[in-house]
Each structure stands twice: as structure tokens, then as C-alpha cells.
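Good morning, colleagues. Please take a moment with the sequence and the structure before I go through a few points.

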Amino acid sequence: MSHFNKGPAYGLTAEVRNKILQKYDPQKEEELRIWIEEVTGKRLGENFQISLKDGIILCMLMNKLQPDSIRKVNDSKLNWHQLENIGNFIKAMQCYGMRRHDIFEANDLFENGNLTQVQTTLLALANLVSVNFLSSYSIIHPQYDYIIILKKGLDLKRHPYLLSRDAASPAEL
């Protein structure tokens, strides 16, 4: 499969590209790799960009975070099917609550144009997931500095011990 390389960059374009590449964080890539593998249950290959390029794992990730948010995932090796997967992932992220200006463009990933932006987007998505999860499923215990994770729909009136100030430790809750 061929890439849509634009050729070597010179002058200001090369300087900008080098600055972008310097911002890419391999440690954050590893954290994202672990997070994506845990959520999807799929192992990513050695190369992060190539593993995500066809959009299949990204679609799986979004469907795990918000079931049925992407109804059709193309497993074809055709470029336009892969770009469609990435586009569907981008639309699903917007529906999930990501702001448009925080999201990478399909070619940033597909053509390896700006992997730093892809990384930034996925980190923002992971952060949004944690915020959505904590706001939907947790309360902060009034006496202790920890968060109690609840099942969605739990009636606190029927479980007042969750808010009790008499508990000696989180284990007693």
C-alpha cells in the first residue's frame, strides 16, 4: 500500500515539522498504548501509527466507550475504507463530547502528518473518559479524601452508609 508522501520538507516547513516532532512524547505513547489495549482487549503492533492507521482499533475503542457509536467498521485494506473508519472515529469523539479543535484530522494519522496531534487528541479523549466516568459513577466521601465508585443508578437513600462519617476506613464502606 502506498503512502501519499508530499516529499521532503525544506526551510520553514522543515523547521515546523521538526518542532512538532520534538513535542511527541514516547512515554505518553506507551501510556496510550496500555490504555487502548486495556479498553479494547486488542494488542497494538510495534509501530503505534501503523497499528491505528486503518482506524479499526480506534472504532473499537469508541464503541467500548460509547456502545454502538460507530455502527459500521470497515476491515478492508483499501485506503478510502481506512480513512472512513478514522472519519467515523472523529465524528464519534465529537458526539462523545470532544471539541472539534481538540481533534486530529484524518491525514494526521493516515499519512503520519502530525502524530503529535493524534497523541494530544487521544490523551484528551482519555481525560474526557475519566471525567465522564467520575461524574457519572462517583461521589467524594465527606470525611475522607477519596472517591467512592458507585454503580450507575444506585439509590443513595437506600444506601446511606456510603455517605456515613462513622466509617473508619474505605474498606468498611
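I begin with a cysteine. C95 is exposed, because its relative accessible area of 66% lies over the 50% cut-off. Please bear in mind that what we are looking at is a predicted model.

C59, by contrast, counts as buried because its relative accessibility is 0%. How many disulfides does a search of the whole structure find? The search returns 0.

Let me turn to helix 5, which covers residues 79-96. The buried residues in helix 5 are N79, H81, Q82, N85, I86, F89, I90, A92, M93 and Y96. Just after helix 5 comes G97, with a positive phi of about 125°.

Next, the packing of helix 5 against helix 4, the latter formed by residues 56-65. Their axes lie 8 Å apart, at an angle of about 25°. That angle is under 35 degrees, and the two helices are therefore roughly parallel to each other. Their crossing is left-handed. On the helix 4 side, the contact is made by I56, L58, C59, L61, M62 and L65. Helix 5 contributes N85, F89, A92, M93 and Y96.

Thank you; I welcome your comments.

Methods:
Residues numbered from 1 in each chain as written. Predicted model: local features only at pLDDT ≥ 70, side-chain atom pairs only at ≥ 80, totals over all residues. Heavy atoms only, no water. Helix = DSSP H or I, 4+ residues; strand = E, 2+ residues; numbered from the N terminus. Expected span 1.5 Å × (residues − 1). Buried < 20%, exposed > 50% of the residue type's maximum accessible area, 1.4 Å probe, protein only. Disulfide = S-S within 2.5 Å. Axes fitted to C-alpha atoms, helices over the stretch in contact; angles between N-to-C directions. Parallel < 35°, antiparallel > 145°, perpendicular 65-115°, else oblique. Left-handed = near helix turned anticlockwise from the far one by under 90°. Contact = heavy atoms within 4.5 Å.
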